[in-house]
Amino acid sequence: MAIVIYARKSVERENSISCETQIEYCKAMIKPDERSEKIITLIDNGFSGGNVNRDGFQKMMTLIQKGKVSKVVVYKLDRISRSLSDFVNILQEFKEHKVEFVSSQESFDTSSPYGELIIKLLMVFAEFERTSIINRVTQAYAHRSELGFYMGGRQPYGFELVPAFIHNKKTKMLSPIPAEIEQIRYIFEIYAGENVSLRRLQDILLAEGRIPLNGSDWTTAKISAILKNPIYVRADSEIYDYYEHHGVRMITDNALFTGEYGAQLYGRSKHRSCDTDWSDMKLVLMTHRGVVDSDIWLKCQRKLEKNKQLTNSFSNPTSWLAGKVICKKCGHTMTTIKGKINKNGEIRRYFNCTGKTHKKNCTGPDCSVYAEDLENMVYDCISGKLSEIKGFRNTDKKNHAAEVNDLKLKIKAVEKAEKQLMDTLLSGGCSGNLLELANQRAAQLENEKTALYEKIEKLNSNDDAKAVVIEPTKYWRTAGYEKKKSVAMIMIHQIIIDEKGNAQIVWNI
Ligand SMILES: [Zn+2]
């Protein structure tokens, strides 16, 4: 039996992740006890995921049909297929041949019951990205070719450029200058407070004789530039959302925004003077550690924006389709803004081309694209797409073995945490308070373990073969904002709005 690593580089998307990187991610998914198994790597470079006529893919299916494969590992679900019904059929075939299926980015595997997979695939619950990937981030970190090198330009205040080797390449990375970083933190903290304007902050810095910026005086412009720079923030998913909502192209995967590293915004400089036009900008996560917490950083952004009284401020209600809506005319992201009060006394949100507002070189669609209308339409389309798989209710006997295995793995994880806790305690130097906390944690872990064992027992004693009924459409109907957004994120690549305001959905799968 062999493990197949399958990689495909899309023709659809420029800048899509390379097959080599995909394979690196996949390798990280192979468990220690599987290392002795034969690993077959199959690659389709430059093939579309729209159909299954791909050499590597066909080779894989032949191997599976011959019963030679125990497991398939991919970087992302859409590497297998972009067609939902194809995808489900392929999964069905995997299942028939007892092939486990693991996806690195969506982080699930089919050693848990099949039905759960379908639900997980379609319902990508909000915590999905946050919790389940987090364990993997450490592994991903080692291979993060998506992480940025310094993009050049003058080094930001607070850092110096030092030579570094990343991915065996000689490059430079930012290294903090402690005295200057202290100033940076101070600036953010003061500005985040009540009643402190940029002007007032400037006065405070001058009055306190704080170290001036690169030898020159502090000016409000310089302070403002510091406050806006993501190089200082410990970029987490909030920061990701913030930039994504502003139409910035996100270069680094969401999963890597762990609240540790700084980020760099870069792109065409000719529009940089315009604070709100970020549509040509890109954001990449850097290799240096951030120095300001994301909540303080975001507080400062809101204040800066409020002070400028921007018409399309961050406080605008967003849409769960945010970041996915594209103007066909100019290719820019469309973001939601509030309209004026209409005859009925309502204020409606509508999607506005960012190219239209800031560059005057795109007039956007000829009619208003109301967010509510677009959301309703997309909601219906997703419902329709989900109903395609209605026939795939899982009527199998509940696979207790797999569930028990899953629970056992969880117990192992708890035991590992216990061991780590013990090691920490044994390494000494624990004060009374810490010891108290450690005891509490130990008790908590013990309880978790007991609960898991109880679950296993319950499963083993309960032999009723109940059919697992999966109704994705039902889940979708009851989905809240966050779930809707997550589902839209995984299912939809883009929504393209043409001149007449018609929407075309480009699906991920
Ligand atoms: Zn446009």
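This is a predicted model: local features need pLDDT of at least 70, side-chain atom pairs count only at pLDDT 80 or more; totals for chains, interfaces and linings use all residues.

The axes of α7 and α9 lie 10 Å apart, at an angle of about 90°. Angles of 65 to 115 degrees count as roughly perpendicular, and α7 and α9 are therefore roughly perpendicular to each other.

Next, widen the view to the core. The largest nonpolar core has 31 residues, and I184, F188, I239 and A263 are those with the most contacts inside it. To see what builds this core, colour the elements that give it two or more residues: the helices α7 (178–192), α8 (198–207), α9 (220–228), α10 (237–245) and α11 (294–308), along with the strands β9 (261–267) and β10 (281–289). In soluble globular proteins, nonpolar side chains tend to be buried together.

Which residues does A263 touch? Leaving aside residues up to four places away in sequence, select P230, I231, V233, A235 and I239, then L283, V284, L285 and M286. Apart from this core lies another, of 27 residues; I17, Y25, M60 and V69 are among them.

The next stop is a set of paired strands. Select β15 (residues 492–497) and β11 (residues 325–327): the two run parallel and are joined by three bridges. Pick I326, and you will find its bridge partner in β15 at I496.

Follow the chain through the hairpin of β15 and β16, where five residues lie between the strands. Stop at G501, which takes a positive phi near 90°.

Finally, zoom out to the whole protein. How many helices and strands does the protein have? Its secondary structure comes to 17 helices and 16 strands. Of its 509 residues, 30% count as buried. If you draw the contacts with a separation of 6 or more, 68% of them are between residues 24 or more positions apart.

Terms used. Residues are numbered from 1 along each chain as its sequence is written. A nonpolar core is a set of buried Ala, Val, Leu, Ile, Met, Phe, Trp, Tyr and Cys residues joined through C-beta atoms within 7 Å. A residue is buried if 20 or more other C-beta atoms lie within 10 Å of its own, exposed if 12 or fewer, and partly exposed in between; C-beta atoms are placed from the backbone. Helices (H or I, at least four residues) and strands (E, at least two) are DSSP runs, numbered from the N terminus. Two residues are in contact if their C-beta atoms, placed from the backbone, lie within 7 Å. Axes are lines fitted to C-alpha atoms, for helices over the stretch in contact, and angles run from 0 to 180 degrees between N-to-C directions. Angles under 35 degrees count as roughly parallel, over 145 as roughly antiparallel, 65 to 115 as roughly perpendicular and the rest as oblique. Two strands pair if DSSP finds at least two bridges between them.
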